[in-house]
Amino acid sequence: MSRSTPLRGVHESLGATLTDFAGWQMPLRYGSESAEHNAVRTAAGLFDLSHMGEIFVTGPQAGEALDHALVGHLSALTPGRARYTMIVDEEGGILDDLIVYRLGDEEFMVVANASNYAAVAGELAARSGAYDARVEDRSDAYALVAVQGPRSAEILGSLTDADLDGLKYYAILPATVAGAQALIARTGYTGEDGFELFVRNDDAVPLWNALSDAGSELGLVPAGLSARDTLRLEAGMPLYGNELGAGTTPFDAGLGRVVRFDKPGDFVGRAALAQAAESEPARRLVGLVARGRRVPRHGYPVTRDGEVVGEVTSGAPSQSLGKPVAIAYVAADAADAGGLTVDIRGSQEPVDIVDLPFYRRTK
Amino acid sequence: MSSIPDELSYTKEHEWVAGLDDGLTVTVGVTAFAAEQLGDVVYVQVPEVGSTVAAGDAVGEVESTKSVSDIFAPVGGEIVETNAAVVDDPSLVNSDPYGEGWLFRVRIEEEPDDLLSAAEYGALTAAES
């Protein structure tokens, strides 16, 4: 049985195509997903992300508990700031990628993916046993609404007295938005400026409607998971289950910088990750642009001279480049040699390796 | 509810067939229902003019942001014309699936007996949506 967010009725009234995502009925698109994608690049898009998990870690040793449980140095985080980090197993395999917000000296909010948050909450609780810290999964109480795109500050600014100019990228502050108590974070998954608003479930529909009204003259449109996926792909952001998983370490994914060996104390996965950091990875995560118009998709083999040398993890037609783009794991020697193709349903289609991200916004 | 013109015939694979009555050549495209299910179409591959196809053969593909679907020949025969405009601008499949978004024309050599009427196709899509 699929779960619904507090905004399901709104999506249905907007004529959304709903899809099952990690056990949730979520909007895939409302009309044209390309139009939604372009609206976020040029104006703004409104997203329901209430399927994400919010886990609160509180107490005098909350920071130390997170330092032990995660790969990052969270106790060093300034209150009001956020950090992209990961939770790994003893072998260094990625259990989830996370954004951790420090709400106060003794209060952190860990935002986890829909498919993983129950497991993450369990792991955090198990790993915090020796610390004076409390782990509480409040995912069921919170809705998450994101407004993303170059006009998003203007739209949100009309509904709150909060100092949005002073709110930096990867920062968070509590505020009143359209009469509702919210946590406003300047974070996102689109490659654009934007905000993520954490509110109580009961406030989700009025907040959505207020943002929708405030943005209607400025080009804001509701945007579904299809646009979210192509936006994050163009921005070169990894997706758990595609680029990241228990079989990959942060170093495999080219994200070794999130592992902080310099922090005090031991952390779960340290020994395995120290080894991974020393060894030359056998495969690399690379960006690919197709020369033709057929799209390399998740799971398609990357080939070279007829031999399989890797696998596509994500692929889609890129609105911004006008060509299909993909992210793939490719054997390091093959990536260096070039001349790659992707096996698209039996035909070897040429692709070129490019630096990620595919798209970078102009500030 | 997407439109299902009465005068066309349909396949279970969500193609439409026009011109069956004259018994010579038919025009083939994908239905409005299929276009809606696919989302924005970004790439269309049509069969080669002059090639001979059997009913049920996979002869092309329609690719959207999220997925790709084969196009099957609804009738057997020779491909006599393909729509260059839809290859250039695949969004025609979304904007005008029964008109400018047509895909190819076949000179019929083998007429199948399992094409659906508009009413039958309507019942099929009602069950799938």
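UniProt, in an unreviewed entry, places the feature "domain: Aminomethyltransferase C-terminal" at residues 283-359 of chain A. UniProt positions follow the numbering used here, and annotations may be inferred rather than shown by experiment. This span is 8% helix and 58% strand, and its end C-alpha atoms lie 23 Å apart. Helices (H or I, at least four residues) and strands (E, at least two) are DSSP runs, numbered from the N terminus. In chain B, the unreviewed UniProt annotation "domain: Lipoyl-binding" covers residues 25-107. Residues 25-107 of chain B are 19% helix and 43% strand, with end C-alpha atoms 4 Å apart.

The model is predicted; local features need pLDDT of at least 70, side-chain atom pairs count only at pLDDT 80 or more, and totals for chains, interfaces and linings use all residues. Residues are numbered from 1 along each chain as its sequence is written, chains are lettered from A, and side-chain values use heavy atoms, without hydrogens and water.

Over all chains, 25 salt bridges were counted. A salt bridge is a side-chain nitrogen of Lys or Arg within 4 Å of a carboxyl oxygen of Asp or Glu. One of them pairs B:K66 with A:D229 at 3.5 Å, N to O. B:K66 lies in the loop between β6 (58-64) and β7 (68-72) of chain B and A:D229 in helix α7 (residues 225-234) of chain A, so the pair joins two chains.

A:R294 and B:E61 also form a salt bridge, at 2.8 Å, N to O. This pair crosses between chains. B:E61 is buried at 4%. A:R294, A:R297, A:R345, A:E349, B:E61 and B:E63 are linked in a network of salt bridges.

Note on methods
Buried means under 20% relative accessible area, exposed over 50%, partly exposed in between (1.4 Å probe, protein chains only).
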